[in-house]
Amino acid sequence: MRNSAVVFAVAALALAGCTPQHEEHTMAQTVTFADPWASAADTGMTAVFGTLQNTGHHDAHIVSATSPVAEMVELHEVAADANGVKTMRPKEAGFAVPAGGEHELAPGGDHIMLMDLTAPLQPGADVEVTVMFDDGSSLPVQAQVRDFPGGKENYQPAKPHDRG
Amino acid sequence: MRVNRRRLLTGGAAALAAGAVVTASGVANSAVVDHGFGTDAEPFYGPHQAGIATAPQAHGVFLAFDVKPTDTRSERDTVAAILRLWTVDAARLTAGRPAVADTEPELATRPARLTVTVGLGPGLLGRLGATVPRSARDLPEFGPDRLQERWSGGDLLLQICGDDPVSIAHATRVLTKNVRAMAVQRWRQAGFRNARGADRQGTSMRNLMGQVDGTVNLAPDEFDELVWLGDEVYPGLAGGTLMVLRRIEMQLDTWDELDRESKELTVGRTLDSGAPLTGQRETDEPDFTLARNGIPVIPPNSHIALARHRHDGERFLRRPYNYDDAPEPGQTSNTGLIFATYQRDIDTQFLPVQQRLAQFDALNQWTTAIGSSVFVILPGVRSPEGYLGQELLAG
């Protein structure tokens, strides 16, 4: 029953895509952030994951994010260096969510990094995160905090930190 | 030749014929459908939690946790966080969807009627300032009991049932690890009934003493009166129920010493069909007045004579599971029954029966309760916006 309803909904969307005179939507209106969650942390930094889904006709680009619990928020990718050691680093191009497709944020891959936490993120709590698109629209989400031991790659800042 | 329809439907030939039809359609289906019952799912949302009125699944795991004290959160906030996490993941896993942040999502795709049922211990409820149902308190140690701390009590209960032990193991792992910072596991009991499909649906299970178990149970239309809590007295608990969970060890080595007739006199039922000693079929009403040569056919201290309700209000739902765990070195068995019952009022429904059994049950010589817990099972979650215990914790 539920499956057929989903199939029907998808079919309806596909039909809508065939209509030439569709309204223009902002990126935030066509993108949903499914199953958002954040890894628990007392201090320092932690990450937000989930699946970005774009039901629109144009690619959507996420360029930044903010959160009331972090002094700084970066969009990160994880990449292996010449020795195969994985590090995470800022993804300068941001996240692209293809039209009619999705972009997954997962441990070991792209994620939203919350840095310099202003309060502990404890399991079961909700964290507010707002993602910003390059058309100026923004999408607020509530990520549930999870006790998660994975995704602890070394952090390699874009530029060396001024430690002075 | 004429076929007598009534004989066909009730006789042995009918059973054979029906079996042939089932087998044939099973084969026909298997050519079209590439899955078994793995994708069967029980509904999660509703006024009551699943796993109580649900037809008993083949496997059940019961886990108790104690809330860890922390400096950073109140106990109320910690419990709310645990219940929110469990709600989100239970809704997904029982529907065959991976949990949030599931590291083994492939294990979630075959729920096989997975249910997750959550309860709170009366002690925790009291600490949270909730109105604790009057009869929800730890049971005393009855005469024949040898209760062990390691099988008793707890702040939180997780009952995870399903027809596939793999999805149960996955759900158990997910729900346990996600709260490890907030709760410590106190005990875990795993049980089983006959495998799904091994018998006709609705067949009473056999316990590991060989007895047909659970013949007298509630009909679906009796749950409102005998199982579910009403909203008149206990805010936030309407639609919940009270659970008694007793771990009953069986002394199979000494049970073996009894001949068959003695075993049947102890229980009051025949071992083969489960019929009362005064009847022919399992479902026959026992006749406790019938005597031969002045001796009652069903002994007054037999298990069924004492377990029998004295009035309609002394009934409750029984949903037991067998256990057969690894024996200690040098022992031959570590076997028994995880006796789970659900009722509105433990004092009026469960206790009178339990007191009779504790005092006189002939079976006590071969069975010993080694664990005892009482939990208040929370109401169901009505929609994806809600979470278990929401109303209770908001109040």
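How many salt bridges does the rule find across the interface of chain A and chain B? The rule finds four, a salt bridge being a side-chain nitrogen of Lys or Arg within 4 Å of a carboxyl oxygen of Asp or Glu.

Good morning. This is a predicted model, in which local features need pLDDT of at least 70 and side-chain atom pairs count only at pLDDT 80 or more, while totals for chains, interfaces and linings use all residues. Residues are numbered from 1 along each chain as its sequence is written, chains are lettered from A and ligands numbered from 1 in the order in which they are written, and side-chain values use heavy atoms, with hydrogens and water left out.

Let me begin with the interface. In one of the salt bridges, A:D126 pairs with B:R84, and their closest N and O atoms are 2.5 Å apart. Chain A gives 14 residues to the contact and chain B gives 18, where contact means heavy atoms within 4.5 Å. The size of an interface is often given as the accessible area lost when the parts come together. Here the two chains bury about 1,300 Å² between them, with 46% of it on carbon and sulfur atoms; buried area is the accessible area (1.4 Å probe) that two parts lose on being put together, summed over both. Of the area that chain A buries against chain B, A:Q122, A:R146 and A:D147 supply 42%, more than any other three residues.

The largest nonpolar core has 72 residues, and B:L83, B:W86, B:L156 and B:L158 touch the most other members. Such a core is a set of buried Ala, Val, Leu, Ile, Met, Phe, Trp, Tyr and Cys residues joined through side-chain atoms within 4.5 Å, and buried means under 20% relative accessible area (1.4 Å probe, protein chains only). Helix α3 of chain B, residues 75-94, gives this core its largest share, 10 residues; helices are DSSP runs of H or I with at least four residues, strands are runs of E with at least two, and both are numbered from the N terminus. Beyond its neighbours within four places in sequence, B:L156 is in contact with residues including B:L63, B:W86 and B:F375.

Finally, consider A:N54, in strand β2 of chain A, residues 46-54. Is A:N54 buried or exposed? A:N54 counts as buried because its relative accessible area is 2%. Its side chain is joined to that of A:T30 by a polar contact of 3.2 Å, that is, a pair of N or O atoms within 3.5 Å; within protein, one must be able to donate a hydrogen and the other to accept it, and residues adjacent in sequence count only if both atoms are side-chain atoms.

Definitions and conventions: Buried < 20%, exposed > 50% of the residue type's maximum accessible area, 1.4 Å probe, protein only.
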